[in-house]
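Hi,

Here is the structure I promised to pass on. Please open it first, then read my notes below.

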Amino acid sequence: MKVFFRWILAVFALISILFIIFPLLRLITYPKLTLIVSSLRDPLNLKAIFNSIFFAFISSILSVIFGIPLAYLIAKDHFGKLGSIIEAICDTPLATPHIVAGIALLLVFGKDGLIGKILYDTLNIKLMGTGFAVVIAMMYLSFPFFVDTVKEGFKNMDQSLENASRILGAGELHTFFLVNIPLIKGHIISGFLSAFARAISEFGAVIIVAYYPMTAPIRIYDAYTQYNLETSISIAAALLIISLLIFVILRIIGRRVK
């Protein structure tokens with residue numbers, strides 16, 4: 001009976017894996033290799049792929065900078081009774097339709113928005129329609145992935161090592177950087193990869209705040225709406241292959257760091 005139960009679970013697991021991987025494999029194998037290479041020779045396509053990777057990397061770095069302090073405060077219950085509310089606020093982007101998120105960001109950072117108007121009127125800085133807007137949109141929707149991952153790292157870390165550091169006379173800052181951070185570096189790397197993966201695929205919010213500079217998902221959409229399905233599929237396949245290579249490299253680096 002035990003063996004039969006495991007076989008049932010294995011069948012469901014196999015179906016789940018095929019459900020995830022089959023469309024991706026079909027996407028990669030559908031266009032001819034020459035067509036993928038040809039799409040990468042197009043400066044417009046190459047620039048769009050570069051923009052996606054570059055802006056996603058910048059947004060993920062910003063998530064690390066701002067996300068670690070927030071995750072630490074949540075994990076250590078520094079917000080007290082407001083902790084649950086703060087966590088819910090941080091997770092709100094996960095349940096927000098991406099186009100809605102883009103409109104919300106437009107109302108804040110647009111030329112007539114709450115922050116955008118101040119920047120435009122005082123410094124003549126326009127955020128929307130620029131790379132800054134792309135980074136903001138990517139970070140807004142990928143930030144919760146990083147915070148949630150790192151938060152769990154802080155919650156599950158060995159508290160005795162942190163206590164030992166303080167008993168030996170180390171201050172809060174010293175303990176944070178030399179004890180807490182090294183203990184959860186695996187979670188930080190995983191959170192970074194999750195945020196990066198989410199950011200690189202962002203479309204809905206980005207297309208609202210900045211059609212240009214064009215990212216790969218927008219370029220794919222642009223080609224598709226022009227009835228150029230082959231180009232759309234080729235760019236998508238190229239982006240998927242490049243993304244997989246980047247994730248493999250980052251995973252290898254992450255394992256060596258651990």
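**What I found**

Start with methionine 139. Neighbours within four places in sequence aside, methionine 139 is in contact with Ser59, Leu62, Ser63 and Phe66. Contact here means heavy atoms within 4.5 Å. Methionine 139 lies in helix 7. It counts as buried because its relative accessibility is 17%. The cut-offs are these: buried is under 20% relative accessible area, exposed is over 50%, and partly exposed is in between (1.4 Å probe, protein chains only). Valine 150 comes eleven residues away along the chain, and the C-alpha atoms of methionine 139 and valine 150 are separated by 16 Å.

Before you go on, some ground rules. This is a predicted model, where local features need pLDDT of at least 70 and side-chain atom pairs count only at pLDDT 80 or more, while totals for chains, interfaces and linings use all residues. Residues are numbered from 1 along each chain as its sequence is written, and side-chain values use heavy atoms, with hydrogens and water left out.

**The whole chain**

The protein chain has 13 helices and zero strands. Both are DSSP runs, numbered from the N terminus: helices are H or I with at least four residues, strands are E with at least two. The C-alpha atoms fill a box of roughly 70 × 65 × 30 Å, taken along the principal axes. Of the 258 residues in the protein chain, 39% are buried. Now look at contacts with a separation of 6 or more: residues 24 or more positions apart account for 75% of them.

**Helix 4 against helix 7**

Helix 4 (residues 83-91) packs with helix 7 (residues 131-156) at an angle of about 145 degrees, and their axes are 9 Å apart. Axes are lines fitted to C-alpha atoms, for helices over the stretch in contact, and angles run from 0 to 180 degrees between N-to-C directions. Which residues make the contact? Helix 4 gives Glu87, Cys90 and Asp91, and helix 7 gives Pro144, Asp148, Lys151 and Lys155. By class, that is two nonpolar, no polar and five charged residues. (Ala, Val, Leu, Ile, Met, Phe, Trp, Tyr, Cys and Pro count as nonpolar, Asp, Glu, Lys and Arg as charged, and the others, Gly among them, as polar.)

Is lysine 151 buried or exposed? Lysine 151 counts as buried, because its relative accessibility is 5%. Not counting residues up to four places away in sequence, lysine 151 touches Ala71, Ile74, Ala75 and Glu87.

**The core**

The largest nonpolar core has 56 residues. Such a core is a set of buried Ala, Val, Leu, Ile, Met, Phe, Trp, Tyr and Cys residues joined through side-chain atoms within 4.5 Å. Helix 7 gives the largest share, twelve residues. Ile68 and Phe154 have the most contacts inside the core. Leaving aside neighbours within four places in sequence, the contacts of phenylalanine 154 include Ile68, Ala71, Tyr72 and Phe176.

**Aromatic rings**

How many aromatic pairs does a search of the whole structure find? It finds eleven. Rings of Phe, Tyr and Trp (its six-membered ring) pair if their centres lie within 6.5 Å; planes under 30 degrees apart count as stacked, over 60 as edge-to-face and the rest as tilted.

Phenylalanine 57 and phenylalanine 192 form an edge-to-face pair, 5.9 Å centre to centre with 80 degrees between the planes. Phenylalanine 57 is in helix 3 (residues 43-75) and phenylalanine 192 in helix 10 (residues 185-200), 135 residues apart. Phenylalanine 57 is partly exposed, at 39%, whereas phenylalanine 192 is buried, at 12%.

Why is the pair of phenylalanine 196 and phenylalanine 247 edge-to-face? Their ring centres are 5.6 Å apart and their planes are at 80 degrees, so the pair is edge-to-face. This pair links helix 10 to helix 13 (residues 229-257), 51 residues apart. Phe57, Phe192, Phe196 and Phe247 form one aromatic cluster.

**A buried loop residue**

Threonine 215 is in the loop between helix 11 and helix 12. Threonine 215 counts as buried, because its relative accessibility is 0%. Beyond neighbours within four places in sequence, threonine 215 has contacts including Ala48, Asn51, Phe55 and Val134.

Best wishes
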